[in-house]
Amino acid sequence: MTELDLVIRQGTVVTAADVMQCDVGIKAGRIVALAANLPQAPQEIDATDRLVLPGGVDAHCHMDQPMSDGVVMADDFYTGTRSAVAGGTTTVIPFACQFKGGSLKAAVEDYHQRATGNAVVDYAFHLIVADPTPTVLDEELPELIRSGYTSFKVYMTYDDLKLSDRQLLDVLAVARQEGAFVMVHAENSDCIAWMVQRLEALGKTAPRYHATARPMVVEREATHRAIALAELVDVPILIVHVSGAEAVEQIQWAQNRGLRIYAETCPQYLFLTEADLDQPNFEGAKCICSPPPRDKANQQVIWDGLCNGVFHVLSSDHAPFRYDDPKGKQICGTHSSFHAVPNGIPGIETRLPLLFSEGVNKGRIDLNTFVSLTSTNPAKLYGLYPRKGTIAIGADADLVIWDPQRQVTIHNAMLHHNVDYTPYEGMTIQGYPEITLSRGEVVYRQGEVLAARGRGAFLPCGLSSFARPKLTP
Ligand code: URP
Ligand code: ZN
Ligand code: ZN
């Protein structure tokens, strides 16, 4: 065997399929050996009593995404990816977002400029298609898909992003033709606008009314409609950030009919409830995200869906807006309506630790499911597998040495994002990353990010392993 650069010794290696005791040998940034008693290497990591996991793949996160209305994301690619590695995530897939009236290709070029020289780990891009003009449908989108931007998100709500049903059909047809994978934000826009208008007219503008304006039925209806549109075009889709029972029922119904409907959820739907929007002063704004967190019963349904296979991926939906900031959650001040507050909460660093602590340690999911949901499935869904998302010969050595015993009380001060709060402040969890490696390089060790700015590389994506062709003719 040629000399190894690095051996991770005596750990418990976990993949989506296996749990095994072996050493991991790394050469030139890739995994080249999995065996007991590998020969000595110049660099060694002792992983006794530790788990060795594939680095997390966060397939839904936002960083340095240009926003309308003067809102600015707190994390750029540097701070966002530093926060990622500190939480055990080694690949991120944020969104190159088209504006209405703008070019999709130009959005991608601009987003590359934001990422290049800043990201500390590897990254791919999803697209957001907000204006499917004939040029976008016939030229830009097919060309981008063929160049490695193989997934895109569409919105059924938000005035500056939403598509009509007719437009959704058009973009789904392009996805079908090119083999691209579509993520859908499913909430009924008109219902929300109608609710917002009535609530505001009654002076009900506090952050907690965000949840009133977006009840489960608006998510359920849009989820059903997205499924129907995908069925009509005969194309797989993934419903993002699913929040509770009624949307889960729609997804299960579709899955039981054999439709290729996939689903994502996020920690906020496992750990937060509507009550978190009802905090003194304006602090409930910190937990404003869409769909909103629901209640304990819905949290249980989301946990059940992680266990029984309804969900394929747990993403952070990291949307970094500072609270005490006129470019963030307080864009219009603390007396403004909930409707002016930018939507989304931070969570790229806490995604894995929260799921491990409450999922694996509490016996809700096993280690393999933890790895599937946080790393392997997102890599497969978005065409990065097996380079990312597993521990196998030839894969990138993106690894986390995980201490399953370590107890941590989450405080915003210990996190590496550029947001001034975490919704999980004060929560004590067990299990935390000790060392994170990206392509064989230690990029994080015990609280300290060691990665050089800009070392992360762009990853062109292949076609999704989940957008498999139908077996019937
Ligand atoms: O509230 C959320 N989820 N904000 C982030 C943007 C999105 O829709 O994913
Ligand atoms: Zn969304
Ligand atoms: Zn999002």
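Analyst: Around ligand 1 there are 13 residues, and those that come nearest are Lys153, His185, Ser290, Asp317 and Asn343. The model is a predicted one, and the distances that follow are computed from it. A polar atom in the side chain of Lys153 is placed 2.9 Å from an oxygen atom of ligand 1. For Asp317, a polar side-chain atom is found 2.7 Å from a nitrogen atom of the ligand. His241 also takes part, with an N or O atom of its side chain 3.4 Å from an oxygen atom of ligand 1.

Is Lys153 buried or exposed? Its relative accessibility is 1%, and because buried means under 20%, Lys153 counts as buried. Setting aside neighbours within four places in sequence, Lys153 is in contact with His60, Phe95, Leu127, Ile128, Val129, Met183, His185, Val240 and His241.

Lys153 lies in strand E11, which belongs to an open sheet of 7 strands with parallel pairing, in the order E8-E10-E11-E12-E13-E14-E15. Strand E8 (95-97) and strand E15 (313-314) stand at the edges of this sheet; each has a single partner strand, so one side of each is left without a neighbour in the sheet. In general, the strands of a sheet pair through backbone hydrogen bonds, in either a parallel or an antiparallel manner. Within this sheet, strand E12 (residues 181-185) and strand E13 (residues 237-239) are paired in the parallel sense over 3 bridges. There, Val182 stands opposite Ile237 in E13. Helix H4 (residues 165-178) lies across E11 (151-155), E12 and E13, and runs at about 170° to E11.

A second sheet may be described in the same terms. This open sheet has 3 strands in the order E6-E7-E9, with parallel pairing. Its edges are formed by strand E6 (56-58) and strand E9 (122-123), each of which has a single partner strand, so one side of each is left without a neighbour in the sheet. E6 pairs with strand E7 (residues 89-92) in the parallel sense over 3 bridges, and Val57 has Thr91 in E7 as its bridge partner. Helix H11 (residues 351-360) lies across both E6 and E7, at about 120° to E6.

H1 is mostly covered, with 9 of its 10 residues buried; among them are Phe77, Tyr78, Ala84 and Val85. Asp76 caps the N-terminal end of H1, with a side-chain oxygen 3.0 Å from the backbone nitrogen of Tyr78. After H1 comes Gly88, whose phi is positive, near 90°.

Arg114 is partly exposed, at a relative accessible area of 24%. Apart from neighbours within four places in sequence, Arg114 is in contact with Asp64, Pro66 and Phe77. The C-alpha atoms of Arg114 and Phe77 are 7.0 Å apart in space, although the two residues are 37 residues apart in sequence.

The UniProt annotation "domain: Amidohydrolase-related", from an unreviewed entry, covers residues 51-442. This span is 35% helix and 16% strand, and its end C-alpha atoms lie 16 Å apart. One further position, Ser372, has its place in helix H12 (residues 367-381). Ser372 counts as buried at 15% relative accessibility, and, neighbours within four places in sequence aside, is in contact with Ala16, His312, Asn377 and Pro378.

Technical notes:
Residues are numbered from 1 along each chain as its sequence is written. Chains are lettered from A and ligands numbered from 1 in the order in which they are written. This is a predicted model: local features need pLDDT of at least 70, side-chain atom pairs count only at pLDDT 80 or more; totals for chains, interfaces and linings use all residues. Side-chain values use heavy atoms; hydrogens and water are left out. Buried means under 20% relative accessible area, exposed over 50%, partly exposed in between (1.4 Å probe, protein chains only). Contact means heavy atoms within 4.5 Å. Two strands pair if DSSP finds at least two bridges between them. Helices (H or I, at least four residues) and strands (E, at least two) are DSSP runs, numbered from the N terminus. Axes are lines fitted to C-alpha atoms, for helices over the stretch in contact, and angles run from 0 to 180 degrees between N-to-C directions. A residue is near a molecule or strand if one of its heavy atoms lies within 4 Å of it. A polar contact is a pair of N or O atoms within 3.5 Å; within protein, one must be able to donate a hydrogen and the other to accept it, and residues adjacent in sequence count only if both atoms are side-chain atoms. UniProt positions are given in the numbering used here, feature names are shortened, and annotations may be inferred rather than shown by experiment.
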